[in-house]
Structure formats: structure tokens, C-alpha cells
Number of protein chains: 2
Amino acid sequence: MPGKPKKTTIKDIAEMAGVSPATVSRVLSNPSVVSRPRQEAVRRAIKDLSYRPSPIARGLSTGRLPCLHVLISDIRNPFYAEMARGVEDVARNNGYAVVFGNTDDSPERELQYLAHTNELRFAGVIMMSAVGKVDLKKALRELNRPIVLANRLVPGMEADAVILNNERGAYRATKYLIDLGHRKICHLAGLRYSSASAERQRGFVRAVKEAGLDIPQGGVFSGDLRVESGETIGRRLVKEGLKCTAIFAANDLMAIGLISAFESEGIGVPEDVSVIGFDDIGYASLPRVQLTTVKQPSYEMGRAALKMLLERVRGESSAFRTIRFEPELVERGTCGVPRS
Amino acid sequence: MPGKPKKTTIKDIAEMAGVSPATVSRVLSNPSVVSRPRQEAVRRAIKDLSYRPSPIARGLSTGRLPCLHVLISDIRNPFYAEMARGVEDVARNNGYAVVFGNTDDSPERELQYLAHTNELRFAGVIMMSAVGKVDLKKALRELNRPIVLANRLVPGMEADAVILNNERGAYRATKYLIDLGHRKICHLAGLRYSSASAERQRGFVRAVKEAGLDIPQGGVFSGDLRVESGETIGRRLVKEGLKCTAIFAANDLMAIGLISAFESEGIGVPEDVSVIGFDDIGYASLPRVQLTTVKQPSYEMGRAALKMLLERVRGESSAFRTIRFEPELVERGTCGVPRS
DNA sequence: TTGTAGGCGTTATCAC
DNA sequence: GTGATAACGCCTACAA
């Protein structure tokens, strides 16, 4: 094969600039230790040959690839898609590739992905779907790489984190229903092992208690955060005879499922029952949906998570930080005063 | 540092099995050339030390990392999220990591990502958001790696592809409106440079022509496939006085935008105007939305695309193939007979 | 069938 | 400051 292009390497640059490969490498990573004239010679050579160092060779040598691993529950959930987009936007602008993994909230899958993180030497991890299991904390620790927990925390684990003040958001949602006059309020909770879901449930309980109300007997259900589980529970609720006038769902997807079930059973929202969600995904604002909900700035949270991760990856060490975003109640059309 | 773990390498295996590193490498990649007894000795050693070859070292040597690059327009579009999920599911089950890139349909960004593909030596590319530009074809060719075009084709480019029969889907959608009695039908087209959008427009035109109808003066608009552009055009249409009784939108997102605009302007759907979309994203089926549309099996298309890519990556060479999925009309509630 | 040795492109550790 | 030189962990002629 005669015309094999042969990528230009650090040696070509060294030769052209009349220095050693080591010096070229220094110009690239630690310029301050190289004398001015050689620095310039090297830079010119780099430009002339439009040289780009090989990330893989670098990776072999340093043990780090310019790739970030992002673990989410399911990219089809608009809330995650939005965060994912925030993440990717800043990663791209910083020269990092983003590898996504859908866990479906399975701890096994989580571990499986982390093994991959390690093998491929990805530079860091954003864990958005942490399912609090003992071994997860251990696995994350042993990974020995920068990690940012986003959206969900891992109980008992110190780490950088980007989360919403879920408790407060849930409290407000519930308080809103109470102020509307509701006395019997149910809660469709999320995953048992999700810290976000747990916090939302706590916020719900606090609001109810503070108002001196009781949670209806068996009034807290748990779903899996998908539309279908909202539908299932909604139908069950109707069948059993609605024992509440309002429901706070742990996320919009389930709220939408609830509404679907109710309306197909002839129960009007908000005439017969009020429904409030959480997240404020894009569809919540459609005229036909008009879901009252608690907004989280998901895109911004994704960006913030990646920025934190980058700082760590770049070696800026300091104490762990937690960035906590504030929720915002968005009044729309699925809540009203209770039927007298 | 005394207790440095020191990953186990191919040498450790060689030593433990009493063979050379080369032999270990062979059992891993081309076992048939190694004698039975040594093969077993090596495998046992691998198991005992739970050895896993380093993808990076391999990558440096072979020029290929076990990562696949998937280029999409925007992960927040549920249609893409669905395909992305299909892709990731089969990639994961085959030991490949998936790197996603959002192009926002920008040719520059497309090229930028492909440069990354090359630098990081990703094993293959799935291009779902091809914006037909001359240099894209060239860039893809020069990439010198397996490529699968999904969702959109690149004009004049031979390659493996997974697409929907867009022309037929659009034809059916339009025919459906015509059969309902509509005579003045508009089309909200998609991206000018998307082959999928172009095909849909052709299908629309064919149906109208075949029925001996005329397309209303200025009755074909073009949007960018996002909800907002549906809203914008919807409002403009109303302002200018609706000159049609039905509209076929190139995708569901824009259809939803149209409906939002119409309803907020007091125009009923389907009473005053019928709207049909394309894709059948999850939200189309919600009771409150009930969007009539053309379904594409997006998840399956994602899977199919990745399977094709894997075949190529694994070196199974053969002629280029195109897998063409068939669309399916889904009648729901946004189309009706025209107002007399 | 098996082993030796060079190469993949950088970084890092030494001396100088 | 700078330049050899050895890793980094695997693959692959080439030779035996």
C-alpha cells in the first residue's frame, strides 16, 4: 500500500520544530516549563501540520479518556432528556464526549455500567439515577474517579451533587392543594429507593401534618415514574371509589397517567379531582394538557452537573459541594377547589 | 505507596498460564489457532485473575474503540429519544458504549462530531440527523468507518440505511384527509434538507394530485420540526385567514404546536380544521391529545440500525442494504369531516 | 502452533 | 529547560 496517509504524530511535530517529542508534549500539557522560542516553534509546527494529539494514546498513558459517563433511568422520560441535553451541550463545548447509559432504575445495570466506566477509563461519571443500594456507594468509591450525583442522592455518601429541593417542592404542591380547600389528599409516590421520591414524599407528609389533616387510609401509593403506572393506579383508585379530592403525583408522567385513567373513567379533572405533578416537562404546558405542576430547571441542572464534573476532572480539588436548585409552582388547569 | 492494586494485564495471564502474551492475545481474538491445552490453561488463568483486556490499549493498537457514535437532531424530541433507546439497548447487550451527539440539524455540528468520531477512533457511526450537504458525504466517506444512515438518507450516497417509507406514510395521511372529504389541504413541511421531510412532502403532493385537487396557494410551509414552529405557523395561518380545512404536519411535535395555536385562537380541532401528524410519539395517544398520526416503529428502527452497524463493525462485509419500515395510519381524534 | 520483538502515540522519570 | 527512555497494555508480523 503506497499512499497510506499516516496520521501525523508527536514525533513529526518534534522533528519539524527541531525539538524532542517530550518538549512537544510539554507545550501541550504544561507550557510554562518550556522556553519561549521553542514553544513558538512547536506551536507553529502543530498548526502547520494541523496536528491533534491522539486521545487514545493519551488515555493509555494517563488512564483517562476524554469521555464522560452519564447514567440515567430512561432517556425517553422528558425530564431526563432535558437534563441529558444540558449535559451534552456543555460537554461538547469542552471537548468531552458523552456516553449515555439507561439503567431503568436497576441496581444491577448501574453496576454493570460502572464496570464499563472503569474499563474504558472514562474521565468521570454523572449519576442521575442512583438507586440507593449499599454496593452502589462502594462501587462509586472504588471507581476512583470524579463523580457527580445529579437528581438523586446516595444515602450516606459524600459527593458533589446537583439536586432540587424536592422536599420543599412537594411541600408547596401539597400546600397549594390544601389552600385550595382540599382535605383528603393522596400521594402517588415514586421509586422506593430514589432519594428524590423519598424527599417528595416527606414534603407531602409535612404539609399534610402541618395543616392538621390526616392522610387518607392507604392514601400513598407507589409507582415507577412512568405514564403507565399512573394509569394503572388511577384506574385502581376509581374502582375502589375515590377516597380523595386531590392527588399529588411524584412526577408529571405519572400525573398524566392518572389524568388519562380518570378521564377515561368519566372522572373529570379538575372538576371531580385535582391532580398536580412534578418536573414540568414540556408537555405539561400544552393547551390540551395544562398540567399544574412543580417546575425543576432540568436543563440548567444538567449543565450545572457537568460543570461540576469538569472541575473535578480538571483536578480542581476542594470540598464536596451540593448545588441545590429551587422548585417553582406552576399553576395551570388541573387543580381546582374541591367539589362541595 | 505499598498496596497499589496494579491491574492485571495480559502478561500476568501469560505467566500464570505458562505461555507467551501473544498466545493469550490469540485465545482472545482468534482462538482457533491455539492448541486445546494451552487454550484451556489461558482461559482458566483469565477466569482466576478475572482478567479483562484493556479497550484502550486495544484501541491504540487496532485503531478502534468499542464505542459507537450516534448523531441525532435533539434528544428532547421523543421520536429521537425512542430510537436512541433502541440503539442503546442493543449496544449495551453487545458490549459497546454509545456516545450521543445532538446536532440541532446543523451541518457544522455534524462535521464537528465526525471529527470527534475520527479522533477518538469510535468503531462506527449511526447518523440519524443527516442534513444533506455535499461535504457530509465526503466527511462520511473519509471517516473510513462503518456508517448506518437512519431516519434520513444522504442524497447520492450509497450506504447501509434504516428508514421509514416516508412517501407512503405521507401519501396515506393525505389520502385519509381527502377521503374524509377535505378539498383544501395544507402541509407543514419539515427541514428543507432532510430526506425524510422531502419524501413526506412528495407523498403529500402525490396524494393531492392524484385526487385531482390543487394545493392551496402558498399552502406548503416549512418548519423546523419543533413544537414552537408549529405554534408560530399556526398563529400565522389563523391571522391570514385559514385557507384550508385540514393540515398534514411533517411530524407530531409540529402538529401539536399547530393544535395549540389553533385552540388558543378559538379554532377547534377537528371541528374547524383537521390536523394529522407523523411519528406517533408517546404523547399523541394521551386521552387529552388523541392526535391522529402516522406511526413509525422508532424503537425498532433504532434497534435495526444498531444491528446493521454491528455487523459491519464486526467485519461482515457485503453489499449495502436498506431496511425500510412501513408506516401505519393511526386514527384518533384530530381529524374529522370538513365543515360544510 | 508458538514465541520474540516492534509498533501504536503519549506521558512521565530520569539524568544532563 | 531539555532530551533520552521507559512505561501504558495490547496486537501482529516474522521467525522458529
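How many residue pairs are in polar contact between chain B and chain A? In this predicted model, the count is 22 residue pairs, both residues of a pair being at pLDDT 80 or more.

**Figure 1. The interface of chain B with chain A.** On chain B, 52 residues are in contact with 52 residues of chain A. Together the two chains bury about 4,500 Å² between them, and carbon and sulfur atoms account for 60% of that area. Of the area that chain B buries against chain A, 19% is supplied by B:Ile56, B:Arg85 and B:Arg288, more than by any other three residues.

**Figure 2. Salt bridges and the chain B side of the interface.** Between chain B and chain A, 10 salt bridges are counted. One of the salt bridges between the chains pairs A:Glu119 with B:Arg52, whose closest N and O atoms are 3.1 Å apart. On the side of chain B that touches chain A, the elements giving two or more residues are helices H4 (55-62), H5 (78-92), H6 (107-119) and H11 (252-264), along with strands S1 (65-72) and S2 (97-102), of chain B. By class, this side of chain B comprises 29 nonpolar, 14 charged and nine polar residues.

**Figure 3. Helices H6 and H7 of chain A.** The axes of helix H6 (residues 107-119) and helix H7 (residues 134-143) of chain A come within 10 Å and cross at roughly 5 degrees. Angles under 35 degrees count as roughly parallel, and H6(A) and H7(A) are therefore described as roughly parallel to each other. From H6(A), the contact is made by A:Glu110, A:Leu111, A:Leu114, A:Thr117 and A:Asn118. H7(A) contributes A:Asp135, A:Leu136, A:Ala139, A:Leu140 and A:Leu143. The residues of this contact between H6(A) and H7(A) divide into six nonpolar, two polar and two charged.

**Figure 4. Cis peptide bonds in chain A and chain B.** In chain A, the peptide bond that joins A:Val269 and A:Pro270 is cis, with an omega of about 10 degrees. A:Pro270 is placed in the loop between helix H11 (252-264) and strand S9 (274-276) of chain A. In chain B, a cis peptide bond runs from B:Val269 to B:Pro270, and its omega is near 10 degrees. The loop that holds B:Pro270 lies between H11 and strand S9 (274-276) of chain B.

**Figure 5. The backbone at A:Leu225.** Although A:Leu225 is not a glycine, its phi is positive, at about 75 degrees. A:Leu225 belongs to the loop between strand S7 (220-222) and helix H10 (227-239) of chain A.

Conventions. Residues numbered from 1 in each chain as written. Chains lettered and ligands numbered in written order. Predicted model: local features only at pLDDT ≥ 70, side-chain atom pairs only at ≥ 80, totals over all residues. Heavy atoms only, no water. Contact = heavy atoms within 4.5 Å. Buried area = accessible area lost by both parts, 1.4 Å probe. Salt bridge = Lys/Arg side-chain N within 4 Å of Asp/Glu carboxyl O. Polar contact = N/O pair within 3.5 Å; in protein donor to acceptor, adjacent residues only side chain to side chain. Helix = DSSP H or I, 4+ residues; strand = E, 2+ residues; numbered from the N terminus. Nonpolar A, V, L, I, M, F, W, Y, C, P; charged D, E, K, R; others polar. Axes fitted to C-alpha atoms, helices over the stretch in contact; angles between N-to-C directions. Parallel < 35°, antiparallel > 145°, perpendicular 65-115°, else oblique.
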